[in-house]
Amino acid sequence: FFSLSHRRNRALIHLKAMNKALPSIIGRTRRRLAIRAGAARFSAPAAQKSNEDQLELHAVLEDLGKALTPLDTVEKLDQYIVGQASAKRAVAVAMRNRWRRQQLPDDLKAEIVPKNILMIGPTGCGKTEIARRISKISQAPFIKVEATKFTEVGFHGKDVDQIIKDLVEASITMVKKRAQDEHRSQAVVNAERVILELFGATQQGDSAPSQEKEAGTEGTSGEEGGGGSKGEEEEEEGDLWLQALRRGDLDDKEVEVDVTPPAPDAGKEGNQNAAAVMMSLMGNAGARPGREKKRLSIKAALPVVVEQELAKLIEGIDVNKEALAAVESNGIVFIDEIDKICSAKDYFSSSADASAEGVQRDLLPLIEGSTVSTKHGNVVTDHILFIASGAFHTCKPSDLLAELQGRLPIRVTLDGLTEDDMYRILTEPVTNLVAQQVELMATEGISLQVDDNAIREIAKVATEANRLLENIGARRLHTIVERIMEELSFEAPDMEAGSRIAITKQMVQEKVGSMLDKQDFSKYIL
């Protein structure tokens, strides 16, 4: 009985979420299909309608899948990041909890607070890469900041409140782009109408040859069929002009449009330029600001008019209000290098930054939940998810302020990279370093082949270099691969197209072996 009721509750929750999402998803899908069809005025033939219905259903299912399950999130991260399963699981669960909270009643939703995460691991093991990939697959306001950029209030530097202000700006950009994508198809239709009206005004009754020929043919057939009304003829004529515009037949014609001139830069020429700008603004106080007439070709004018029509369509949307709501309910802040504002407590040490511990104290109310004032409105940080990360080479997580430790309850330890991990990094990710070099050489017409033994040798050298020298993790692979490819990248443009180059184990040893010896000596010699 418990299993049946549990399944029923889960099904109800999913149905409720689908009912909320379906109207907006279907609306966006229809607009996308209008763009693909090229016109919203023309109705599709009956034979084509079934194909469009299939595309619409596919788009609906695609958008419904944006609420990724933890397993889906981990699978997407596995395409780009090797290992670190515990960190991926923690981030995936945190992302899913954001979606779960949105399905709850309002009274319970306010009580659910995010469980902030602290990721601990050596440099180059994937902490920052996890955050970067999460920002791409999440449909939420996201910002990554460096803890070392902020200082305690009263010192020279950025205040920690700037984190939330930057997050709000990122959210506004995201909401505005989403609104533009939803209304772009209608803006294209409106812009085409405006362009045709402007072009008709400049023509002053002259007709294009293609239009005359086609219109004459239509008129003859109309007369044979009994004649048509004047309104139908005008509509057909307008459709012919629209088709000519979309085919590009009118690209070379010119129209006069309102454009926004570039704003003068008052900072480059000093106070005189600033004063001139102020005088011009005062002198044009009665005129329409920021617009001037300019004659452009239709090909160049159409994108300008599309942006103008797009601005009119989203003018009624309160972008700031939606952005603030998105930040408060779904915002994610990734604080990197948090160990750099922490000092070891087991012995006497002086921090290079006198305000390092002060930054921790300033972060406390931000992470716990407070109200931050921005120029767009107040933001309550109670439900913003904070993910902090650090290598903690010279200190321990326990050296953080106790209050800050309590505000980062979930701790995830990332493992150092082994030789096998290095090999997997070079082969498994979709955009691995070896594949990148192969594609780069392909642009020069050169076929690059990297032997498996050569890849294993690169992994072995990288692991050895991290052991003998400073351990910089997977970043060591960039140094080694660039050293191997340096000469080939320089000579590639002068090689014959279709040449084949093979990277072997012996070549790797020749290119990189001396680098290890020299750097090993440099460790002991000043």
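**View 1. Gln-84, a buried loop residue.** Gln-84 is buried, with a relative accessible area of 7%. This legend, like those that follow, describes a predicted model. Look for Gln-84 in the loop that runs between helix H3 (70-78) and helix H4 (85-102). Its backbone deserves a glance too: Gln-84 is not a glycine, yet its phi is positive, at about 55°. As background for this view, most residues other than glycine have a negative phi.

**View 2. Glu-337, another positive phi.** Here the residue of interest is Glu-337, in the loop between E5 and helix H13 (356-368). Glu-337 is not a glycine either, and its phi is positive, near 55°. Is Glu-337 buried or partly exposed? With a relative accessible area of 25%, Glu-337 counts as partly exposed, because buried would require a value under 20%.

**View 3. The open parallel sheet.** Five strands line up in the order E2-E5-E8-E1-E9, and they pair in parallel to form an open sheet. Strand E2 (142-146) and strand E9 (410-413) are the edges; each has a single partner strand, so one side of each has no neighbour in the sheet. On average, neighbouring strands of this sheet are turned by 15° against each other, with direction ignored. For a closer look inside the sheet, follow E5 (residues 332-336) and E8 (residues 385-390), two parallel strands joined by four bridges. A handy landmark on this pair is Phe-334, which stands opposite Ile-387 in E8.

**View 4. The E6-E7 hairpin.** Strand E6 (residues 371-374) pairs with strand E7 (residues 377-380) in the antiparallel sense, over four bridges. How many residues does the hairpin use to join E6 to E7? The hairpin passes from E6 to E7 through two residues. Thr-374 has Gly-377 in E7 as its bridge partner.

**View 5. Thr-431 and its contacts.** Thr-431 sits in the loop between helix H15 (419-427) and helix H16 (433-442), where it is partly exposed, with a relative accessible area of 41%. Leaving aside residues up to four places away in sequence, Thr-431 touches Tyr-80, Arg-133 and Gln-436. Two of these names return as a pair of their own: Arg-133 lies over the face of Tyr-80, at 3.9 Å from the ring centre. Thr-431 and Gln-79 are 352 residues apart in sequence, while their C-alpha atoms are 8.5 Å apart in space.

**View 6. Arg-96 over Trp-99.** The charged end of Arg-96 sits over the ring of Trp-99, 4.0 Å from the centre of that ring. If you are looking for aromatic pairs as well, the structure holds zero of them.

**View 7. Helix H17.** H17 (residues 452-468) has 17 residues, and from its first C-alpha to its last it reaches 24 Å, close to the 24 Å expected at 1.5 Å a residue. Which residues of H17 are buried? They are Ala-454, Ile-455, Glu-457, Ile-458, Ala-459, Val-461, Ala-462, Ala-465 and Asn-466.

**View 8. Stepping back to the chain.** The protein chain contains 19 helices and eleven strands. Of its 526 residues, 36% count as buried. Among contacts in the chain between residues at least 6 apart in sequence, 83% join residues at least 24 apart.

How values were computed:
Residues numbered from 1 in each chain as written. Predicted model: local features only at pLDDT ≥ 70, side-chain atom pairs only at ≥ 80, totals over all residues. Heavy atoms only, no water. Pairing = 2+ DSSP bridges. Axes fitted to C-alpha atoms, helices over the stretch in contact; angles between N-to-C directions. Expected span 1.5 Å × (residues − 1). Buried < 20%, exposed > 50% of the residue type's maximum accessible area, 1.4 Å probe, protein only. Phe/Tyr/Trp six-rings, centres within 6.5 Å; stacked < 30°, edge-to-face > 60°. Lys NZ or Arg CZ within 6 Å of the ring centre and 35° of its normal. Contact = heavy atoms within 4.5 Å.
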